[in-house]
Protein chains: 2
Amino acid sequence: MPENESLSPRTKGSNPLRIALFGFGTVGSSAARILLESQPEGLKLTHVANRGVARKKADWVPSDVVWTEEFDAVLDSPDVDVVVELAGGLEPAGTWVRKALATGKSVVTANKKLIAYHGIELEKLAAAHGGHLLYGAAVAGGIPVIPGIEHGLAGDRFDRVEGILNGTCNFILSKMEQGAEYAPVLAEAQARGYAEANPSEDVDGFDARAKLSILMRLALKAEVNPEAIETRPITQVAAIDFGYAKDLNCTIRQIARAERVDGHLAATVGPMLVPLQSPLAWSKGTENMVMTTGHYGGEVVFSGHGAGGHPTAVAVVSDLVNLAHGSKRIEVASAPATITTELEVPHYIRFLVNDRPGIVARIATLLATEKINLNAILQKPNFPLDRLPFVITVEPCRTSALRRALAEIGKMECLLELPLDMQILEK
Amino acid sequence: MPENESLSPRTKGSNPLRIALFGFGTVGSSAARILLESQPEGLKLTHVANRGVARKKADWVPSDVVWTEEFDAVLDSPDVDVVVELAGGLEPAGTWVRKALATGKSVVTANKKLIAYHGIELEKLAAAHGGHLLYGAAVAGGIPVIPGIEHGLAGDRFDRVEGILNGTCNFILSKMEQGAEYAPVLAEAQARGYAEANPSEDVDGFDARAKLSILMRLALKAEVNPEAIETRPITQVAAIDFGYAKDLNCTIRQIARAERVDGHLAATVGPMLVPLQSPLAWSKGTENMVMTTGHYGGEVVFSGHGAGGHPTAVAVVSDLVNLAHGSKRIEVASAPATITTELEVPHYIRFLVNDRPGIVARIATLLATEKINLNAILQKPNFPLDRLPFVITVEPCRTSALRRALAEIGKMECLLELPLDMQILEK
């Protein structure tokens, strides 16, 4: 077709990129489906590598596609141009990706952990051998956040990047918003396949932390160790917290947030109170959302499906299309950065106590000792006195001061559990 | 700096792109500020061309930048690599852009009208002479919709693209939502500089129509004449319509919408009822929003500042950064397409009548003649009987049938104005 040729001069006459999928699970099979159904110009699926490949072999894949368990043979093969790594985790994925890049192949991956921990090293390896490394699927799946930042907002510089980066937590919290408690909603998320049997990666914030560290490098140009980002679990959030949050015109979401404040770089992941009028409160179910704040362009919101086979596969195939069309990433210089844990923000602190006189007075005294001002005290009626949840909100205070105060408050005998402390986002 | 060099191999050692700004108004001066403050690698502002340039000359621009009124001399100059066209309108902008592209220069433009009417021709011209044409700022200003679709969603195919593409209309309608009438809000928009003295381009939908036609080509691969897109003005929307919309759990926004339905391509611009739970209802003030619906990836929402000097300039400078880094657009084949005006959707019809017995019966009869089913009749109390607004909503019906019915209804003597007919979006 002459029109096609004239519209894509960079692939004209050249051979298509030969693609090996490493991993034929949910995302891998979706990527194969899109490649076979849409037949994007300049791309050809040639290999599928998976353990126990006999079980995986799909009858809708053309017979000229090679199915194999021999990952190393594919990596060594001169008949493969791009390895699509969808196995996840640091190993053996890391070894495969390094080997592919070292032989001049390009790599497309959805592996947030590998990129969060070794992205810089791998990008250098790719550049040194003439290949490319693309990982648009590693953050927020089918939402084009990485290309949006790299290509579309390349002319801005960012003060802040924040968002809802873990669909499992968003499913749990947006469901709890309707009145349910944590445990049954987690069980439902597990039954639906949204949460693992061991949900720690999601609910403790480690998954979101890895994604945030990638966004920090791309948007804030800050290279950080993901483990330096403070995380708080969502496990202690209870239905009652949504009731109190609503009284404060807020809801609760797991937020991943990084910003430059007064020359310092702050980054945290955990449940936070989000004003109902903030775009972050719009996100329901397993959706993801990213909000960037540009020095010149202000806030930009990206939202959509952050996980799932088809949306994640769209990001993978989009990276492949970029490779086929010779559209390169815009790589910008980043620099190692240290994260401060010292913020000055308002907090919501929920106590669960065996009630007796003088509790609020004692807590208020301990907060005052650290020069922390109370903003509101909220106590809903009709709870048993021996298991009474109440909330104190405090005006913006330094993290270290609040931590010291909470350490003292934590010694009070009336407490049935350590206080739940959540940052309140300001809109 | 060796790090910088290794991270941007494509500009290493090469000379920076020399940039001529054509137009030094709000966007042009913002673009100059960003270029001078951020000093993006590989870009150098060398010329500013504007009529009456003596008035425009800014003391914060370095003295080696050439200020001139001689557009043609700049176009002929071998010392310019990229022309940034910010004059707007079809002419003389079109002549400048053609001349720049014909001499092998690249062009970055925010000119939606020029791209909507002549984009295909200009892209061919760019390709033929080895230059590039980028227009990320032409739709939704600082929101990276075009790069998001081209790069980040290149692996999907789209069933629908819709959004709020005109900040002026969004300012007016989201302000009217709070109870104000059209005329004073338009006056406020004009006083704030959001609306022109003659607001027709915005309120009649012509601006949004041009932007929609660009999105249709990029997302739906459909080449259409913008004038083939049916537009309806927002001028007849009144405060009372927001009251009735609220009763239907909706608000009203100027929506630009194109989709493929049953093999047909539909496209319309105008005020529509938007469910309050739709992302399209979130957009307030002058913000823009675009929602794409991908066959594989589902809905993706982009939102932010669609206009204004700095946000639009971010899109312009981002295009320039893409050029400097050799990151090319992904151009996909599109084909001429015909737009159907025949949809099957529910409607909101608001009447303003001098009340008398039998009006509803007559209207219902005329709708029934066209086999159109009523869904609800809404009439708020306390309006004067000689100027009574009431609403009929109808179930999904064919546009042609409703048009015939409304033509008959329009002959009724009791009507004080022609009925206001708005599509109700389904969520």
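A:Val316 touches A:Val27, A:Ala31, A:Val84, A:Val108, A:Ala110, A:Ala137 and, from the other chain, B:Gly155, leaving aside residues up to four places away in sequence; two residues are in contact if their C-beta atoms, placed from the backbone, lie within 7 Å. This is a predicted model, in which local features need pLDDT of at least 70, side-chain atom pairs count only at pLDDT 80 or more, and totals for chains, interfaces and linings use all residues. Residues are numbered from 1 along each chain as its sequence is written, while chains are lettered from A and ligands numbered from 1 in the order in which they are written.

A:Val316 also turns up among the residues with the most contacts inside the largest nonpolar core, together with A:Leu21, A:Val84, B:Leu21, B:Val84 and B:Val316. That core has 261 residues. A nonpolar core here is a set of buried Ala, Val, Leu, Ile, Met, Phe, Trp, Tyr and Cys residues joined through C-beta atoms within 7 Å. A residue is buried if 20 or more other C-beta atoms lie within 10 Å of its own, exposed if 12 or fewer, and partly exposed in between, with C-beta atoms placed from the backbone.

B:Val84 sits in strand β4 (residues 82-85) of chain B, where B:Val82 and B:Val84 point one way, B:Val83 and B:Glu85 point the other way, and all are buried. Helices (H or I, at least four residues) and strands (E, at least two) are DSSP runs, numbered from the N terminus. β4(B) runs parallel to β1 (residues 17-22) of chain B, with four bridges joining them, and also parallel to β5 (residues 106-109) of chain B, again through four bridges; strands pair if DSSP finds at least two bridges between them. B:Glu85 stands opposite B:Phe22 and also opposite B:Thr109 in β5(B).

As for how the chains meet, chain B can be laid on chain A with an RMSD of 0.0 Å by a turn of 180° and a shift of 0.0 Å along the axis. That is the relation of a two-fold axis; copies are superposed by least squares on the C-alpha atoms of residues with pLDDT of at least 70 in both. The contact takes 55 residues from chain B and 55 residues from chain A. On the side of chain B that touches chain A, α13(B) gives the most, with 10 residues. The copies meet through the same surface, because 100% of the interface residues of chain B are also interface residues in chain A. Across the contact, β13 (residues 298-305) of chain A and β13(B) run antiparallel, joined by three bridges, and A:Ser303 has B:Val301 as its bridge partner.
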